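Please open the model in a viewer and keep the selection panel at hand. The stops below are arranged as a tour, each beginning with a selection.

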Amino acid sequence: MSILIDQNTKVICQGLTGKQGSFHTEQAMAYGTQMVGGVTPGKGGTEHLGLPVFNTVKQAVAETGATASMIYVPPAFAADSIIEAIDAGIEVITCITEGIPVADMLKVKAVLSRSNAYLIGPNCPGLITPGQEGTGCKIGIMPGHIHLSGRVGIVSRSGTLTYEAVHQTTQNGLGQSTCVGIGGDPIQGMDFIDCLRLFEADPKTEGIILVGEIGGQAEEDAAEFIQQQVTKPVVAYIAGVTAPAGKRMGHAGAIVSGGKGTAEAKFAALQAAGVTVVDSPAEMGTAMLKCLSAK
Amino acid sequence: MNLHEYQAKTLFQKYQIPVPKGQVIESLSELNNALNSVGSDAWVIKAQIHAGARGKAGGVQLVSSPEQAQQVAESLLGSSLATIQTAGKALPINKLLIEETLAIYQEFYLSLLVDRATRKHTFIISAAGGMDIELVAEASPEKILTVSIDPVVGLMPYQCREVAFALGLTGTAFKQLATVMQGLYQLAMAKDVSLLEINPLVLTEQNELIALDAKINIDSNALYRQPELVAMRDISQEDEREAKAADHQLNYIALDGNIGCMVNGAGLAMATMDLIKLNGGEPANFLDVGGGATPDRVAEAFKLILSSSEVKSILVNIFGGIVRCDLIAEGIIQAVKEVGLTIPVVVRLEGTNVELGKQALANSGLSIITADGLAQAAEKVVAVARENQG
């Protein structure tokens, strides 16, 4: 099991023929993801990397039966691509793109709220259900080889910091059920709560690692949700204890403003909700191992 | 990206938002012309810097004669100003806004921003405007009005009326509020505004509304489609190092410590800073070297880190996903040589070909210390900084 995607998921790539789209589609196929086609307006009817290219997402879905899409499209056109995918009935949309204007994402959110589609991102590394030799599904830029199929669900706002959590849980043998990088933007698709809900319902996931950072109230909201609706053990780490106020720390959403969104406040909220919080990013795997061994 | 008060007010005028009569000067020789042009018998002289709380720091002064104006302008223009909002830095004052004075009856607070929680453009308004809005928010949150704008229908007249009634407005001012709010919303949508703040929005004794101050922050992600606004950028107000970093596609923020960091990924970069602190060290900076740790990028990153003379050691923490560690190691070695680095560097690599990468670093003949894992990397760099400090 797993959440959102598995070895049976059929995936298309919007922006397939571009540099990023090509490279990451090749990587996905090497991992065993079922890539079934791509979309580049104007190149419909051609072939790329052995996959059919379509002019529109609707056509791609009609011809291939794809239910997931990964979007490697520049910021100026990315929101349009997301909305096209929603309109075409894609169920799991992953947008890697960093730099989409906030105003565009507000429109995307408005359309998403009227549909059943899941959006992961933007400004994210993607998601992966680990599995060797075609038993997994990788949609994103993460290095497949550091993952191990297993029992910990990981949800994170960061990219490389997620890989740390993955690395630690692979090394200690726990492995991962599904890892979701929800991204670093202030206005995004799935949030922590959406992922926690799915992990709680997933039989394969026994524990959850939550990787947060400064800015916004997502971790505080997650804490409330965990207290009320999550029974599985949760380990959390929050990056940005040393971040100065008012400065955007790389991610558009990682900013402490008006005294709100500090790492301290997030740690406190999560701890109060019964979450095992760790001070050090090097301790996420150890803490989860302890939680699961104690059961 | 921030705009100056005078630039925000120019935009306000385009959107039918009343502002005081005013003129910007860049040199003292322009002062008299501005005083005459503005034409009152008393003026307000305002330092144009990208920060608030100027009044409390002496950056906004009332003058009642051309001689006084000259004195104040002389003392402000060309100097620099630190306020409680500039995080200890003093920003250069290259322009002054000379404005007419107003007969103020009441001061309101008004801001427009995108609320992350509701995902809507939201007005925040209070009858207690002026200098201490932060105190009002803390002490009397019930005095703060919130208006959420539905993106499907936009700002509705009934929403403006609600606010006008709540503020006790009548007559001209009552009608004006709707025009002001609509104008601000249109401006925010057209110019990709992240945050817009008018503190105070003044009700004059003539029962008219005027925006006495104006702060606008533009969504950086939208600059590609706002060339007019890009032309308004004032680099003198930005941290030189941070701006330079951005030019090289590096994300850099200077801090106070002596341990430099270079990391790929913002989350991991913050975590690395935090881990250094946890081990008793003080990070000197945040630096996200991004997805491509090429020799050039790494060299530029080293240079930025070294621009702080405090730095006694550097931690390079790269979790190379798809990029091979041996290539990253080569990049680091090349950069260290190019920059002529003499302080110790601790390198922690993870990912494809990590052993090859570590070997290359060990054999480089440079003072590079390799670390196994995140925890060890932080411990080593803190220890080495301590040694190097004394």
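**First stop: a network of charged side chains**

Select B:Glu5, B:Lys9, B:Lys46, B:Arg54, B:Glu99, B:Glu197, B:Asp213 and B:Lys215, which are linked in a network of salt bridges. A salt bridge here is a side-chain nitrogen of Lys or Arg within 4 Å of a carboxyl oxygen of Asp or Glu. Over all chains, the structure holds 28 salt bridges.

Before going further, note that this is a predicted model, in which local features need pLDDT of at least 70, side-chain atom pairs count only at pLDDT 80 or more, and totals for chains, interfaces and linings use all residues. Residues are numbered from 1 along each chain as its sequence is written, chains are lettered from A and ligands numbered from 1 in the order in which they are written, and side-chain values use heavy atoms, with hydrogens and water left out.

B:Arg54 lies in the loop between strand S3 (43-47) and strand S4 (60-63) of chain B, and B:Glu5 in helix H1 (residues 5-14) of chain B, so the pair ties together parts that are 49 residues apart in sequence. Helices (H or I, at least four residues) and strands (E, at least two) are DSSP runs, numbered from the N terminus. B:Arg54 is buried at 6% relative accessibility, and B:Glu5 is buried at 4%. Buried means under 20% relative accessible area, exposed over 50%, and partly exposed in between (1.4 Å probe, protein chains only).

Next, select B:Lys46 with B:Glu99: their side chains meet in a salt bridge of 3.3 Å, N to O. This pair joins distant parts of the chain, with B:Lys46 in strand S3 of chain B and B:Glu99 in strand S7 of chain B, 53 residues apart.

Then move to B:Lys215 and B:Glu197, where the salt bridge spans 3.9 Å, N to O. Here strand S13 (residues 215-218) of chain B, which holds B:Lys215, is linked to strand S11 (residues 193-204) of chain B, which holds B:Glu197; the two residues are 18 residues apart. B:Lys215 is partly exposed, with a relative accessible area of 28%.

Return to B:Glu99, in strand S7 (residues 96-100) of chain B. Is B:Glu99 buried or exposed? B:Glu99 is buried, with a relative accessible area of 1%. Its side chain also makes a polar contact of 2.5 Å with that of B:Lys9. A polar contact is a pair of N or O atoms within 3.5 Å; within protein, one must be able to donate a hydrogen and the other to accept it, and residues adjacent in sequence count only if both atoms are side-chain atoms. Leaving aside neighbours within four places in sequence, the contacts of B:Glu99 (heavy atoms within 4.5 Å) include B:Pro20, B:Val38, B:Trp43 and B:Leu212.

Now select B:Asn285, in strand S16 (residues 285-288) of chain B. B:Asn285 counts as buried at 1% relative accessibility, and its side chain reaches the backbone oxygen of B:Cys261 at 2.9 Å.

**Third stop: the interface**

Show both chains together. The contact takes 39 residues from chain B and 49 residues from chain A. About 3500 Å² is buried between the chains, of which carbon and sulfur atoms give 65%; buried area is the accessible area (1.4 Å probe) that two parts lose on being put together, summed over both. Between chain B and chain A there are 2 salt bridges, one of them joining A:Glu164 and B:Arg348 at 2.4 Å, N to O. H9(B) gives the most to the side of chain B that touches chain A, with 10 residues.

Select residues 263-272 of chain A, helix H8, whose buried residues are A:Ala263, A:Lys266, A:Phe267 and A:Leu270. Seen down the axis of H8(A), these fall within an arc of 100°, so they line one face of the helix; the arc is that of the directions from the helix axis to the C-beta atoms. They pack against strand S12 (207-213), helix H7 (218-229), strand S13 (234-239) and strand S14 (276-277) of chain A. Just after H8(A), A:Gly274 takes a positive phi of about 90°.
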